[in-house]
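Visitor: I would like to go through the terms used for this chain and ask what stands behind each of them.

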Amino acid sequence: MNPTRRRLLLGLAALVPTAALLPRALLAEAPVPLDTVTVALHSEQGPHRLRVEVARTLPQRGQGLMGRDHLDADAGMLFLYRDDQSPRNGFWMYRTRIPLDIAFIDADGRIAAIHQMQPCDAERPGECPVTYPGVPYRAALEVNAGYFAEKGVEEGDCVSWSGSGSQCLADVPGD
């Protein structure tokens, strides 16, 4: 391989990791428009209904609730995935200003794990702790911290929304 081509390839290889960071940096500056749906949480005290924003794409999930100072009491964000996610695929609170609860929802629409997450004002994303679910999941629901405990929502409870295919879907009003 000639020296010029080698330098070009080495230069391109050095840019790949930097390019991977660009979307997150850009997302932090411009909000990504999101659809909303009604989610029903079926607990012993429920159902409880929330109007949530839906993050389906990588840029939408990357933005999450970053940069917000407030989340209405009956609001949240639903992160949807086409395939099961690994128990090692966690969430972080980089540039997220409000404490949140997160429920990891399995493919059957059941809450597999619930965790609390605290805001992280670190300068770099890698300095923020990651919340690992410890279970496979197909969706995640973020709400204000304390919401699940206040409403009696627990692991094993069912979550449904239009198009979820959940067994408890019959109780969700149409969107």
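**Terms and their grounds**

Guide: In this predicted model, strand E9 (residues 158-161) is covered on both faces, with Cys-158 and Ser-160 buried on one side and Val-159 and Trp-161 buried on the other.

Visitor: Why are Cys-158 and Ser-160 called buried?

Guide: Buried means under 20% relative accessible area. Cys-158 and Ser-160 count as buried, so each falls under that 20% limit. Of the 175 residues of the chain, 39% count as buried.

Visitor: What makes strand E1 and E9 a pair?

Guide: Two strands pair if DSSP finds at least two bridges between them. Strand E1 (residues 35-42) and E9 have 4 bridges, in the antiparallel sense, and therefore pair. Ser-160 of E9 is the bridge partner of Ala-40.

Visitor: Which residues touch the most other members of the largest nonpolar core?

Guide: They are Phe-79, Phe-91, Leu-100 and Phe-104, in a core of 23 residues. Strands E3 (75-85), E5 (100-105), E6 (111-117) and E8 (137-144) each give two or more residues to this core. E3 gives the most, with 4 residues. A second, separate core has 19 residues, including Ile-111, Leu-141, Tyr-147 and Val-153.

Note on methods. Residues are numbered from 1 along each chain as its sequence is written. This is a predicted model: local features need pLDDT of at least 70, side-chain atom pairs count only at pLDDT 80 or more; totals for chains, interfaces and linings use all residues. Side-chain values use heavy atoms; hydrogens and water are left out. Buried means under 20% relative accessible area, exposed over 50%, partly exposed in between (1.4 Å probe, protein chains only). A nonpolar core is a set of buried Ala, Val, Leu, Ile, Met, Phe, Trp, Tyr and Cys residues joined through side-chain atoms within 4.5 Å.
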